[in-house]
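Thanks for making the time this morning. I would like to walk through one chain with you, and I will ask you to keep the sequence and the model in view while I talk.

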Amino acid sequence: TYRNIFYTINNLLKRKDTTNTFHFLRSNFYPTYDNFSSNKYGINIFDVLVVINFYAMWFKLEKENFLPNLEFISFEENTKNINTVNDKLSNFLERKIKLDEKINTNLFEKKEYIINDDLKQLIYDYTKSFEDIDFKRIGL
């Protein structure tokens with residue numbers, strides 16, 4: 001799945017306030033959030049660049065058809081239109097899939113953070129460096 005980059009950054013800011021449980025982007029050898037931190041951007045800037053590169057890689061794989069059996073599902077579809085997700089997964093897996101649409105426990109607390117203008121500009125500038133990648137799906 002993919003989602004708007006600014007929602008993803010919001011989740012990174014949320015993780016900044018919690019214990020380092022987001023091991024996708026950081027090693028267990030670095031238990032604090034202070035590595036690669038930036039007062040200017042208000043976030044561990046390395047995480048932002050890794051997320052953008054992650055999206056760029058997958059969008060490039062899709063564009064070049066390197067993985068012909070690749071199906072993207074947006075976060076909005078995944079959370080608001082379960083029937084579309086069921087249809088896409090059923091077609092992709094060639095079997096009937098019916099996900100439970102009533103899941104409402106063990107969800108993370110929602111909290112909105114202000115993403116400062118310097119960080120927004122960095123995101124826009126950095127994604128423009130990928131001239132052959134279209135980032136519209138993630139809100140850019």
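Predicted model: local features only at pLDDT ≥ 70, side-chain atom pairs only at ≥ 80, totals over all residues.

Phe92 sits in helix α4, and if we leave aside residues up to four places away in sequence, Phe92 touches Asn69, Leu70 and Glu71. With one of these, Asn69, the separation is 23 residues in sequence, while the two C-alpha atoms are 7.7 Å apart in space.

Let me stay with α4 for a moment. This helix covers residues 82-93, which is 12 residues, and from its first C-alpha to its last it reaches 16 Å, close to the 16 Å expected at 1.5 Å a residue. Which residues of α4 are buried? They are Ile82, Val85, Asn86 and Ser90, and when one looks down the axis of α4, these buried residues fall within an arc of 130 degrees, so they line one face of the helix. Part of what covers the buried residues of α4 is α3, at residues 75-80.

What follows α4 deserves a look at the backbone. The helix is followed by Glu94, whose phi is positive, near 55 degrees, and that is a positive value in a residue other than glycine. Glu94 belongs to the loop between α4 and α5, and Glu94 counts as exposed because its relative accessible area is 74%, where the cut-off for exposed is over 50%.

Helix α5 has 12 residues and reaches 17 Å from its first C-alpha to its last, close to the 16 Å expected at 1.5 Å a residue. In α5 the buried residues are Leu119, Ile123 and Thr127, and seen down the axis of α5 they fall within an arc of 65 degrees, so they line one face of the helix. Turned away from that buried side is a face of α5 that carries the exposed residues Asp117 and Lys128.

How do the two helices meet, and at what angle do they pack? Helix α2, residues 45-63, and helix α5, residues 117-128, pack at an angle of about 35 degrees, with their axes 11 Å apart, and the crossing of α2 and α5 is right-handed. On the α2 side the contact is made by Ile45, Val48, Leu49, Ile52 and Asn53, which meet Leu119, Leu122, Ile123, Tyr126 and Thr127 in α5. The residues of this contact divide into 8 nonpolar, 2 polar and no charged.

Gly139 is partly exposed, with a relative accessible area of 34%, and, not counting residues up to four places away in sequence, Gly139 touches Asn4 and Phe6. Gly139 and Phe6 are 133 residues apart in sequence, yet 7.6 Å apart in space, C-alpha to C-alpha.

Let me finish with the chain as a whole. The protein chain has 5 helices and 2 strands, and read along the sequence these follow the pattern α-β-β-α-α-α-α. Of its 140 residues, 31% count as buried. Among the contacts in the chain with a separation of 6 or more, residues 24 or more positions apart account for 60%, and the contact of Gly139 with Phe6, at 133 residues apart in sequence, is one to look at again in the model.

Definitions and conventions: Residues numbered from 1 in each chain as written. Heavy atoms only, no water. Axes fitted to C-alpha atoms, helices over the stretch in contact; angles between N-to-C directions. Helix = DSSP H or I, 4+ residues; strand = E, 2+ residues; numbered from the N terminus. Left-handed = near helix turned anticlockwise from the far one by under 90°. Contact = heavy atoms within 4.5 Å. Nonpolar A, V, L, I, M, F, W, Y, C, P; charged D, E, K, R; others polar. Expected span 1.5 Å × (residues − 1). Buried < 20%, exposed > 50% of the residue type's maximum accessible area, 1.4 Å probe, protein only. Arc of directions from axis to C-beta.
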